[in-house]
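Welcome to this short tour. Open your viewer, load the model, and follow along one selection at a time.

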Amino acid sequence: MEPLWQRESFWRKAAVFVTAGMAVVLLLLTFDSMAKSAVGKGRVPSFAVINQEIDYRFDAGRNMRVPVVAGEQPLFGKRLSEAEAEAMVSHGKKTVQAKNCMDCHTLLGNGAYYAPDLTKAWLDPQWEGMQTLTATDSREAALAAFLEHPSHYPTQERSMPELKITAEEARAVVAFLKWMSAIDTNGFPANFDPHAEEK
Ligand code: HEC
């Protein structure tokens, strides 16, 4: 009689078991990822986080920078309900898709490498300085002014083209960028530190 490992029937059964077993594992991992990446749970904040101040600080325990959501800081000075915030963030996300920002930028690491990753763009200290240049009095207004007319603010190494974004779209994109900056991305992008100049 042939040893077990030489029988075809054994290998056929082994293939069936491994495939079925891995299908179950894949299903469990899918549900696990969905739970962790759902809005308002785990690593992804609820949309109303745009009403709050978002910081990005080094966490010694995790050995990486993590978003820190602190006090009140309503976007454009207006506190929004979760539904209103969702509508605004979603409008911003659709604008980002319609204007193909990913042709040049990456978002959460997806996209092109011509211009910087936008995951933490909201936290870039340059928006503080840009307030003078854009004649605005808040970080969100400076960022919106830049998005509406990037060619007016040649502060960057290379210039971003005019994308014909309306004022309302620009404000929605700002909401989307602010919300995205509060996502715990496990330290991605690793080279981004909004407090680099303070050290
Ligand atoms: C044709 C390429 C291109 C497209 C499309 C594009 N950008 Fe840019 N963007 C740039 C370049 C170039 C810069 C300046 C980068 C530099 O300093 O080298 C820039 C800079 C920026 C910055 C400043 C980055 C920072 O953190 O300081 C933001 C924010 C930004 N873009 C957002 C957007 C958004 C939102 C869209 C879509 C609505 C978009 N960009 C579409 C090329 C592009």
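How many residues does helix α2 have, and how far does it reach from its first C-alpha to its last? Select residues 82-98: helix α2 has 17 residues and reaches 24 Å, close to the 24 Å expected at 1.5 Å a residue (1.5 Å times one less than the number of residues). Helices here are DSSP runs of H or I with at least four residues, strands are runs of E with at least two, and both are numbered from the N terminus.

Before going further, note that this is a predicted model, where local features need pLDDT of at least 70, side-chain atom pairs count only at pLDDT 80 or more, and totals for chains, interfaces and linings use all residues. Residues are numbered from 1 along each chain as its sequence is written.

Next, colour Ala85, Met88, Val89, Gly92, Thr95 and Val96, which are buried in α2 (20 or more other C-beta atoms within 10 Å of a residue's own; exposed means 12 or fewer, partly exposed is in between, and C-beta atoms are placed from the backbone). Look down the axis of α2: its buried residues fall within an arc of 115 degrees, so they line one face of the helix (the arc is that of the directions from the helix axis to the C-beta atoms).

Turn to the face away from the buried side to find the exposed Ala83, Gln97 and Ala98. Just after α2, stop at Asn100, with its positive phi of about 50 degrees.

Finally, zoom out: the protein has five helices and four strands, in the order α-β-β-α-β-β-α-α-α along the sequence.
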